[in-house]
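Here are my notes for your read-through. Please keep the structure open beside them and check each point as you go.

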Amino acid sequence: MTDELPEQRNRLLLEAGHRRKGTFRAVADPALSLSAVRKRYGRTEALAGVDLEVGEGELVGLLGPNGAGKSTLTKIACGLVRPTEGTATACGHRAGSEQARAATGYLAELFRFPGWATADELLELHQRLARSDGGAAERAELLELVGLAEATARPVEAMSKGMQQRLGIAQALIGSPRLVLLDEPTSALDPAGRRLVRGILEGLRGRGIAVLLNSHLLSEVELVCDRVVIIARGRAITEGAPEALTQAGGVEVDLEGGTRRFPDAGRDEVPEIVARLVAEGERVYGVRVVRGTLEDAYLEAVEGT
Amino acid sequence: MTADLRTIAGYALREALRRRVLTVVVVLTVAFLALFWLGVREAFDESQSLSAVPDLEEQTLVGATLVGLAMFVTLFLGTVLAVFLTLSAVRGDAERGLLQPIVVRPIGRTTLLVARFAAASAVCVVYVDLVFAAAVVLTGATGDWWPSNPELVGLGLGAAVVVVVAISLLGSTVLSTTANGIAVFMVFGAGLAAGLLGQVGEALSSDTLHDIASIASWALPFEALYQSALHALTEDISGVTGVAVSLGPFGGAQDASALLWPYAIAYVLVVGAVADLIFRRSDL
């Protein structure tokens, strides 16, 4: 890592403050940039020319069906896989270069840690490999962050899959990376664990850390991500903020006699609708603005390819 | 890079300790040495019956044969250890998801491979030399026969397992765990078979067998190093006893060319470079 990086990171942290979802603004070069990236495995084309950028402090969700190329894209970003064509840079350096690896944290989808190592030993190993000088304080902080403070001395083989996944997230955050790549980080977690991870992701955004989240859990992506990229058959087919991708689905009003739907109405029409219903002598008990879910948008995009 | 090497090598050694690999190896080696000691005692006791053969030094014949046996077993055990410490180092660990969290760190793939090589080589060299030394001491203390060049023998055995470590690591870059284990043991067996063919060729004065053994020895230098060590064990034994030793299962070994050691070093470097090239170009 270059000398100016810690300084740049501090600047980003100061500028980021307590950034919230949807308030992202790029303040430096993209943390991750993929340009016309193609990847072939023999005759199989896993990626067919993908362009993608993740800005500093941006939380981007990567969605797509099985075999769409999401994991390949994530692996190219961290240097595990070499692109056949195109360029990929992480934190201003060629993806996979020593400098890029030093600035990136990664949790693989199918990872495994040595069962004999305790949580603390594993993090200590990764501190050495990541050249982090955080010491015991960093390890304790990260284990606390992922809810494993009580499991410091527990061997990995005595942990549940969910605990191992949380340990994996802590491992990915060793050395304060500027870019974090998470491939299905909540697949083994229960609802409480997923909520914990959402909190961690929001915390990372608040600290100006860029996150690429590869997940099948659309509700999770919708809740936490600034932007969503949907890929299918190796191509990015749709991208945008979750709110922009989901479509208005009308207005529902709860009346004494049941629920009445106004399918073409939107939020702006709510006062007028309510006034009209009251004028007609109806008693209004509740009003909902209905939006399509990210799942609807996802299925529409994927099935349209 | 040195700190990274120490970290990875220490990690590999700690894994071997925690997984009780080294404990199992130590227990089984002690069992082997106990069995070997019983065999040594019995063999020297029974060797009195050979005293009727004129000019035959029965102590030397029995001692050299037993130490030759110990060399063979030591090389085999060292090879087993070398293979099990390295057979899944790259492809096997990648398939299990163990490698990726480490490879994405700044240390780099070359450092990782060198560290795995250094750790496995250190363990195996120390192991074979300790076992061989123990066998020599047991033989000497029991039958009062000591080889003339034990340090050369130990050096040859140590170098032979280092070559096996390098071959196994190369195999691990392209083969899955089971396939690599099978491949390395078959290569090891092929090398031993070629060495035996060479000894038969020497006894029968067959140039063809000799040539086959020679080519195999250069292709698989752990065999040449083993044969060279075996030769160092018996080269000072002459006369009727020398003939008797050379006709035994651990006699008739060929003296290596002066080029063997530089060739073996170059071989390990080339094998390592190829393994590194494949590893660096591999998608994980």
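1. **Terms, then the hairpin.** Two strands count as paired if DSSP finds at least two bridges between them. By that rule, β1(A) and strand β2 (residues 44–54) of chain A are paired, in the antiparallel sense, over eight bridges. One pair to look up is A:Arg38, whose bridge partner in β2(A) is A:Ala48. The hairpin of β1(A) and β2(A) has two residues between the strands. In this hairpin A:Gly42 takes a positive phi near 65 degrees. Bear in mind throughout that this is a predicted model.

2. **The other partner of β1(A).** Strand β1 (residues 32–41) of chain A also pairs with strand β4 (residues 85–90) of chain A. That pairing is antiparallel and runs over five bridges. Here A:Leu32 stands opposite A:Ala90 in β4(A).

3. **Two backbone angles to check.** Most residues other than glycine have a negative phi. Which residue of strand β1 of chain A deserves a look on that account? A:Ala36 lies in this strand, and its phi is positive, near 50 degrees. A:Ala36 is partly exposed, with 14 other C-beta atoms within 10 Å. The second case is A:Arg233, which is not a glycine but has a positive phi of about 50 degrees. A:Arg233 sits in the loop between β9 (227–232) and β10 (235–240) of chain A. A:Arg233 is partly exposed as well. The count for A:Arg233 is 16 other C-beta atoms within 10 Å.

4. **The six-stranded sheet.** Chain A has an open sheet with the strand order β6-β7-β8-β3-β9-β10. The pairing in this sheet is mixed.

5. Helix α7 (residues 191–206) of chain A lies across β3, β7 (179–183) and β8 of chain A. The angle between α7(A) and β8(A) is about 150 degrees.

6. **A covered helix.** Is helix α2 (residues 70–78) of chain A mostly covered or mostly open? It is mostly covered: nine of its nine residues are buried. Among the buried residues are A:Lys70 and A:Lys75, along with A:Leu73, A:Ile76 and A:Cys78. A:Gly79 follows α2(A) and has a positive phi, near 90 degrees.

7. **Helix packing in chain B: α3 and α10.** The axes of helix α3 (residues 58–86) of chain B and helix α10 (residues 221–234) of chain B come within 10 Å. They cross at roughly 160 degrees. Angles over 145 degrees count as roughly antiparallel, which makes α3(B) roughly antiparallel to α10(B). The crossing of the two is right-handed. From α3(B), the contact takes in B:Ala64, B:Val67, B:Gly68, B:Met71 and B:Leu75. From α10(B) come B:Tyr226, B:Ala229, B:Leu230, B:Leu233 and B:Thr234. By class, this contact of α3(B) with α10(B) has eight nonpolar, two polar and no charged residues.

8. **Helix packing in chain B: α9 and α10.** The axes of helix α9 (residues 207–219) of chain B and α10(B) come within 5 Å and cross at roughly 110 degrees. α9(B) and α10(B) are therefore roughly perpendicular to each other. B:Ala216, B:Ser217 and B:Trp218 of α9(B) make the contact with B:Pro221, B:Glu223, B:Ala224 and B:Gln227 of α10(B). The residues of this contact divide into four nonpolar, two polar and one charged.

9. **Where the chains meet.** How many residues of chain A are in contact with chain B? There are 23, and they are in contact with 19 residues of chain B. On the side of chain A that touches chain B, α3 (98–102), β6 (104–107) and α4 (119–129) of chain A each supply at least two residues. α4(A) gives the most to this side, with four residues. By class, the residues of this side of chain A are 13 nonpolar, four polar and six charged.

Key. Residues are numbered from 1 along each chain as its sequence is written. Chains are lettered from A and ligands numbered from 1 in the order in which they are written. This is a predicted model: local features need pLDDT of at least 70, side-chain atom pairs count only at pLDDT 80 or more; totals for chains, interfaces and linings use all residues. Two residues are in contact if their C-beta atoms, placed from the backbone, lie within 7 Å. Ala, Val, Leu, Ile, Met, Phe, Trp, Tyr, Cys and Pro count as nonpolar, Asp, Glu, Lys and Arg as charged, and the others, Gly among them, as polar. A residue is buried if 20 or more other C-beta atoms lie within 10 Å of its own, exposed if 12 or fewer, and partly exposed in between; C-beta atoms are placed from the backbone. Axes are lines fitted to C-alpha atoms, for helices over the stretch in contact, and angles run from 0 to 180 degrees between N-to-C directions. Angles under 35 degrees count as roughly parallel, over 145 as roughly antiparallel, 65 to 115 as roughly perpendicular and the rest as oblique. A crossing is left-handed if the near helix is turned anticlockwise from the far one by less than a right angle, and right-handed if clockwise.
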